[in-house]
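Please examine the sequence and the three-dimensional model shown here. The report that accompanies them is set out in running text with one table.

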Amino acid sequence: MAGWEGSAHDTRIFLDAIRYPKYKFPHPPNGKYYLVDFGYPQMKGYLGPYRGQRYHLPDFCRGRPVSGKEEVFNHSHSSLRSVIKRTFGVLKKKWAILRDMPSYSFEKQTMIVVAAMTIHNFIRKHAGRNDADFMEYEDINWAYENNIDLEIVHGRESDDDDDDDDDGDDDGESNNSSGFEMELTRDAIASSLMNSL
């Protein structure tokens, strides 16, 4: 969805992407979910965290150990978001122009972003395991993912600095049947995570 102004709210861009078939947005298949934050609507295939519970990893570092199924779920959800943030790290490392975009026209900047993502995806598909930048971040992600389970089990906190503020302006969960279905799915996943401790 390159081409939106930086001031555009993530939820507005997301809803535009999923509403218009011209974008061919790849919705998650049945039984799979995209992680979304508090600001996104609760709808089928899009799994958000529990509201009113600790969420960001630094909150867990500064406080008591993870407890209860909602916090266990939110900690896992936030940990997975951190993997996504590190993925953006490799993009910016490999494509320095994305870190410090020249003052080209907005249209040209949009084309640069799309070109960088296209080349990135090509490399990942055809040479990904042999690319030094990708290997470095995969090693970090592997180590991080394997430590998360140990942290939850032993009540240790993560050192991740996930300091993003919630983008959301949605004050409540969606009341539609799709939202209710996702609430049930989230509860089932949270219970499963809790039972695996």
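**Basis of the description**

The model is a predicted one, in which local features need pLDDT of at least 70 and side-chain atom pairs count only at pLDDT 80 or more, while totals for chains, interfaces and linings use all residues. Residues are numbered from 1 along each chain as its sequence is written, and side-chain values use heavy atoms, with hydrogens and water left out.

**Architecture**

The protein chain contains six helices and two strands. These elements are DSSP runs numbered from the N terminus, with helices (H or I) of at least four residues and strands (E) of at least two. Read from the N terminus, their order is α-β-β-α-α-α-α-α. The chain has 197 residues, of which 36% count as buried. Here buried means under 20% relative accessible area, exposed means over 50%, and partly exposed lies in between, with a 1.4 Å probe and protein chains only. A contact requires heavy atoms within 4.5 Å. Among contacts in the protein chain with a separation of 6 or more, 61% are between residues 24 or more positions apart.

A nonpolar core is a set of buried Ala, Val, Leu, Ile, Met, Phe, Trp, Tyr and Cys residues joined through side-chain atoms within 4.5 Å. The largest such core has six residues, namely Phe-14, Leu-15, Ile-18, Val-36, Tyr-40 and Tyr-46. Helix 1 (residues 10-19) gives the most to this core, with three residues. A second, separate core has five residues, including Tyr-50, Phe-73, Met-182 and Ala-190.

Helix 1 is largely enclosed by the rest of the structure, because seven of its 10 residues are buried. Those buried residues are Thr-11, Ile-13, Phe-14, Leu-15, Asp-16, Ala-17 and Ile-18. They pack against strand 2.

**Helix 3 and helix 6**

Two packed helices are described by the angle between their axes and the distance between the axes. For helix 3 and helix 6, the axes come within 8 Å and cross at roughly 95°. Axes are lines fitted to C-alpha atoms, for helices over the stretch in contact, and angles run from 0 to 180 degrees between N-to-C directions. The two helices are therefore roughly perpendicular to each other, a term that covers angles of 65 to 115 degrees, whereas those under 35 count as roughly parallel, those over 145 as roughly antiparallel and the rest as oblique.

On the side of helix 3, the contact involves Gly-68, Lys-69, Val-72, Phe-73 and Ser-76, which meet Arg-186, Asp-187, Ile-189, Ala-190, Ser-191, Leu-193 and Met-194 in helix 6. By type, the residues of this contact divide into six nonpolar, three polar and three charged. In this classification Ala, Val, Leu, Ile, Met, Phe, Trp, Tyr, Cys and Pro count as nonpolar, Asp, Glu, Lys and Arg as charged, and the others, Gly among them, as polar.

**Salt bridges**

The structure holds four salt bridges, each defined by a side-chain nitrogen of Lys or Arg within 4 Å of a carboxyl oxygen of Asp or Glu. The table lists three of them.

| Salt bridge | Closest N and O atoms |
|---|---|
| Lys-44 with Glu-181 | 3.9 Å apart |
| Glu-71 with Arg-54 | 2.8 Å apart |
| Glu-71 with Arg-64 | 2.9 Å apart |

Lys-44 lies in the loop between strand 1 (34-35) and strand 2 (46-47) and Glu-181 in helix 6 (residues 177-195), so this pair ties together parts that are 137 residues apart in sequence. Lys-44 is partly exposed at 44% relative accessibility, and Glu-181 is likewise partly exposed at 35%.

Glu-71 belongs to helix 3 (residues 68-94) and Arg-54 to the loop between strand 2 and helix 2 (57-62), so their bridge ties together parts that are 17 residues apart in sequence. Glu-71 is buried, with a relative accessible area of 3%, and Arg-54 is buried at 16%. Arg-64, by contrast, counts as partly exposed at 47%. Salt bridges that share partners join Arg-54, Arg-64 and Glu-71 into one network.

**Individual residues**

Ser-192 lies in helix 6 and is partly exposed, with a relative accessible area of 47%. Ser-192 and Phe-73 are 119 residues apart in sequence, and their C-alpha atoms are 9.4 Å apart in space.

Lys-24 is placed in the loop between helix 1 and strand 1. Although Lys-24 is not a glycine, its phi is positive, at about 50°. Lys-24 is exposed, with a relative accessible area of 72%.
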